[in-house]
Amino acid sequence: MFSVYQLKSRFQALLRPYVKLLYDSQITANQVTIGACVGSILVAMFVGYFADHLWLFLLIPLWMFIRMALNAIDGMLAREYNQKSNLGSYLNEICDVVSDSVLLLIFTQLNQVNNSLVILVVLLSFLTEFAGVLGVMIGSTRRYDGPMGKSDRAFVFSLISLGISTYLLPLDWLNTVLWLIIFLLLITVVNRVRKGLQESTSIKD
């Protein structure tokens, strides 16, 4: 099943010159990880506070793209410049969950949106990442299967935010869209568990 995550290698190739520049500037992978998280919190606070001004939702796809680039950069710094660490692994997972949560919670500020659906999306998003990490505990790799992984959520909510900011997406449709995302998140959890179990079994065999 296709996932935006599959495009990661091409995206990384475009970012490699900037990774070298950051390394030469003595910027570490952990600093990039924390910076991306802080940036997500600031964007969420700003857009959420002024949510009545729908055009500001344009900041979300812009930030999502920057955040995806920063997430790719911190991984490349860690792998290619010997900056891997146990702390970095913790920061990577925790900061991703925090960033996802605060950016998704922005949508609770829209009167037309059912807040319970947004909260359910946040919880299921957390569950998808938890299911991905649990693969490591059973001898599998960290699972990134879709169809609604982190990169996919960033892409989908960027499109939603773009539709909101340009008034092309009627706000009354958002609850229906959230139900669809919830369904895809459930499939993602199942896929990650299933693929993790399959990989663990094949390794043992």
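Threonine 128 is found in helix H5. Helices here are DSSP runs of H or I of at least four residues, numbered from the N terminus. The model is predicted, so local features need pLDDT of at least 70 and side-chain atom pairs count only at pLDDT 80 or more, while totals for chains, interfaces and linings use all residues. Residues are numbered from 1 along each chain as its sequence is written, and side-chain values use heavy atoms, with hydrogens and water left out.

Threonine 128 is buried, at a relative accessible area of 0%. Buried means under 20% relative accessible area, exposed means over 50%, and partly exposed lies in between (1.4 Å probe, protein chains only). The side chain of threonine 128 makes a polar contact with the side chain of glutamate 129, at 3.3 Å. A polar contact is a pair of N or O atoms within 3.5 Å; within protein, one must be able to donate a hydrogen and the other to accept it, and residues adjacent in sequence count only if both atoms are side-chain atoms. With neighbours within four places in sequence left aside, threonine 128 is in contact with Arg153, Leu185, Thr188, Val189 and Arg192. Contact means heavy atoms within 4.5 Å.

Glycine 196 lies in helix H7, which covers residues 174–204. Glycine 196 is also buried, with a relative accessible area of 2%. Neighbours within four places in sequence aside, glycine 196 is in contact with Ile138, Ser140 and Arg143. Proline 170 is 26 residues from glycine 196 along the chain, and their C-alpha atoms are separated by 39 Å.

The loop between helix H4 (86–105) and helix H5 (115–137) holds threonine 108. Asparagine 114 lies in the loop between H4 and H5 as well. Threonine 108 is buried, at 18% relative accessible area. Asparagine 114 counts as partly exposed, at 36% relative accessibility. The side chain of threonine 108 reaches the backbone oxygen of leucine 105 at 2.6 Å. Beyond neighbours within four places in sequence, threonine 108 is in contact with Asn115 and Val118. Asparagine 114 and leucine 174 are 60 residues apart in sequence, yet 8.7 Å apart in space, C-alpha to C-alpha.

Helix packing was examined next. Helix H2 (residues 29–49) and helix H3 (residues 59–80) pack at an angle of about 170°, with axes 8 Å apart. Axes are lines fitted to C-alpha atoms, for helices over the stretch in contact, and angles run from 0 to 180 degrees between N-to-C directions. H2 is therefore roughly antiparallel to H3. Angles over 145 degrees count as roughly antiparallel, under 35 as roughly parallel, 65 to 115 as roughly perpendicular and the rest as oblique. On the H2 side, the contact is made by Ala29, Val32, Thr33, Ala36, Gly39, Ser40, Val43, Phe46 and Val47. On the H3 side, the residues include Trp63, Arg67, Asn71 and Asp74. The residues of this contact of H2 with H3 divide into 13 nonpolar, 4 polar and 2 charged. Ala, Val, Leu, Ile, Met, Phe, Trp, Tyr, Cys and Pro count as nonpolar, Asp, Glu, Lys and Arg as charged, and the others, Gly among them, as polar.

The axes of H3 and H4 come within 12 Å and cross at roughly 175°. H3 is thus roughly antiparallel to H4. Trp63, Met64, Arg67, Asn71 and Asp74 of H3 meet Asn92, Asp96, Ser99, Asp100 and Leu103 of H4. The residues of the contact of H3 with H4 divide into 3 nonpolar, 3 polar and 4 charged.

How values were computed: Helices (H or I, at least four residues) and strands (E, at least two) are DSSP runs, numbered from the N terminus.
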